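Hi everyone, thanks for coming. Please have a look at the model on the screen, and I'll walk you through a few places in it.

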Amino acid sequence: LMNLRKTIFFLFFISLIKTGFSEELISKELTNKKSQQVELEDLLTETNLDEETLKQELIEEAELNDDRKNNVNLSENENLNENEENSSQKIIQKIPLSFVTEEMLARPEVEKFRRQYLNEKWLKHLYNVLESAMEYRLFVRKSVQDKNLPEILEYLPVVESNYKTSAKSKSGAIGMWQFMANSVYPFLILDDFVDERLDPWKSTEAALKKLTENYNYFNDWLIAIAAYNCGVGAMNKILRKAEKKDFWYLVDKKLLPQQTADYVPKLIAIADLAINSEYYQINLPNHNEEYEMLINEKNGNFDYIIVEKAYSLKQLASEMRMDYETLKKLNPSFVRGMTYPVKKSEIRLPLGMKKSAEDAIAKLIPIDFPFKYTVEKGDSLWSISQKFGVSVSTLKSWNGLTSDRIYANQSLTVKNGTPQAT
């Protein structure tokens with residue numbers, strides 16, 4: 001035991017020498033260990049070694065211990081580096097897509113579009129679409145989440161319009177969600193002054209409502225989405241001919257129009273790539289990390305004012321000292337650049353600008369001029385006269401009518417109607 005203690009003391013002494021401690025510090029340490037100094041002398045006597053030889057042996061023992069310690073540290077560092085490497089190369093789990101199964105993802109129809117968008121040219125296109133559409137896409141995502149709808153619906157406007165709010169198809173479908181004129185009612189307003197298909201916020205609410213109705217009717221999301229493309233009536237006719245109420249069966253049996261047969265697989269492929277961009281190791285806006293909080297038009301937080309006469313948006317913007325394009329962008333459904341002449345209109349404003357808009361409206365003179373009204377199904381001269389606050393005889397006089405008969409899509413002149421109290 002005594003030899004062990006002596007050896008430990010000398011190892012301590014040699015370590016001080018090797019680690020470069022100054023003589024003053026060594027002296028101080030040794031002064032605090034006077035009893036160990038006595039043991040040094042005893043050790044020299046008991047070992048029959050001269051001081052230099054003993055010191056050399058102790059140094060060699062200390063070096064051996066240092067080598068062992070360094071080997072242990074090296075091993076620990078190697079393990080640490082290996083753990084870091086394993087961490088950086090961890091397997092990225094694929095995020096499942098609500099009702100979309102792995103079997104659906106493996107379908108050749110889906111794989112075709114996945115391969116297409118993994119092509120460098122198409123991948124760049126998809127990146128640009130998703131990035132440029134962020135201000136509307138985030139609003140769509142929030143709406144989808146709030147309504148507990150499938151997350152892939154966020155990417156349906158990519159298929160429909162590349163998220164272009166003013167997109168117009170060859171068949172006449174308009175807007176981000178591509179509503180046809182005959183499919184607007186009862187979801188949106190379309191008349192001589194307003195086309196809400198052009199409003200990304202209102203059309204989003206309308207599209208999600210329509211998709212929800214489709215799902216409640218068919219009880220199948222794939223068929224509900226397909227019916228958004230081809231129409232509920234057309235889908236019912238197709239299902240009456242089919243032995244199974246299954247989208248992939250309809251595809252396999254070629255019972256669907258080709259556009260509809262491609263529509264759903266394309267949506268699934270795009271949603272899969274966008275939501276799992278990290279898994280596929282592709283450059284797309286990160287679905288999970290691209291936003292924390294949505295602001296202003298990006299999440300639909302606005303101020304609004306209600307007016308009951310025709311006001312020019314350009315004049316309103318000028319009076320408010322704001323950029324006209326900004327106000328126009330917030331109110332794209334006013335196709336004539338003005339509000340309704342004789343009924344209530346809601347003007348969307350940047351958050352915090354309601355008072356400024358109210359003050360500006362008070363200074364503006366409403367537009368008063370003859371305009372054309374397009375007769376809608378169910379209209380009568382009496383209902384139109386009530387809408388504009390004029391008599392039937394006056395309305396007939398303005399338009400040279402000799403009878404009370406009118407027809408849908410007929411154009412009538414309204415010269416100076418005034419809104420009626422409601």
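Let's begin with a question: where does Lys 210 lie? Lys 210 lies in helix 10. Before going further, a word on the model: it is predicted, with local features needing pLDDT of at least 70 and side-chain atom pairs counting only at pLDDT 80 or more, while totals for chains, interfaces and linings use all residues. Residues are numbered from 1 along each chain as its sequence is written, and side-chain values use heavy atoms, with hydrogens and water left out.

Helices here are DSSP runs of H or I with at least four residues, and strands are runs of E with at least two, numbered from the N terminus. The chain has 20 helices and four strands. Of its 422 residues, 42% count as buried, where buried means under 20% relative accessible area, exposed means over 50%, and partly exposed is in between, using a 1.4 Å probe and protein chains only.

Back to Lys 210, which is buried, at a relative accessible area of 15%. Contact means heavy atoms within 4.5 Å. Setting aside neighbours within four places in sequence, Lys 210 touches Phe 179, Ser 183, Phe 187 and Tyr 228.

Arg 197 sits in the loop between helix 9 (156–161) and helix 10 (200–218). Is Arg 197 buried or exposed? Arg 197 is buried, with a relative accessible area of 6%. The Arg 197 side chain also makes a polar contact with the side chain of Asp 195, at 3.0 Å. A polar contact is a pair of N or O atoms within 3.5 Å; within protein, one must be able to donate a hydrogen and the other to accept it, and residues adjacent in sequence count only if both atoms are side-chain atoms.

The loop between helix 9 and helix 10 also holds Pro 186. A cis peptide bond joins Tyr 185 and Pro 186, with omega about 5 degrees. For context, most peptide bonds are trans, and most residues other than glycine have a negative phi.

Asn 148 is in the loop between helix 8 (134–146) and helix 9, and counts as exposed at 71% relative accessibility. Asn 409 has a positive phi too, near 75 degrees, and counts as exposed at 64%.

Last stop, helix 14: 14 of its 18 residues are buried, so helix 14 is largely enclosed by the rest of the structure. Thanks, everyone!
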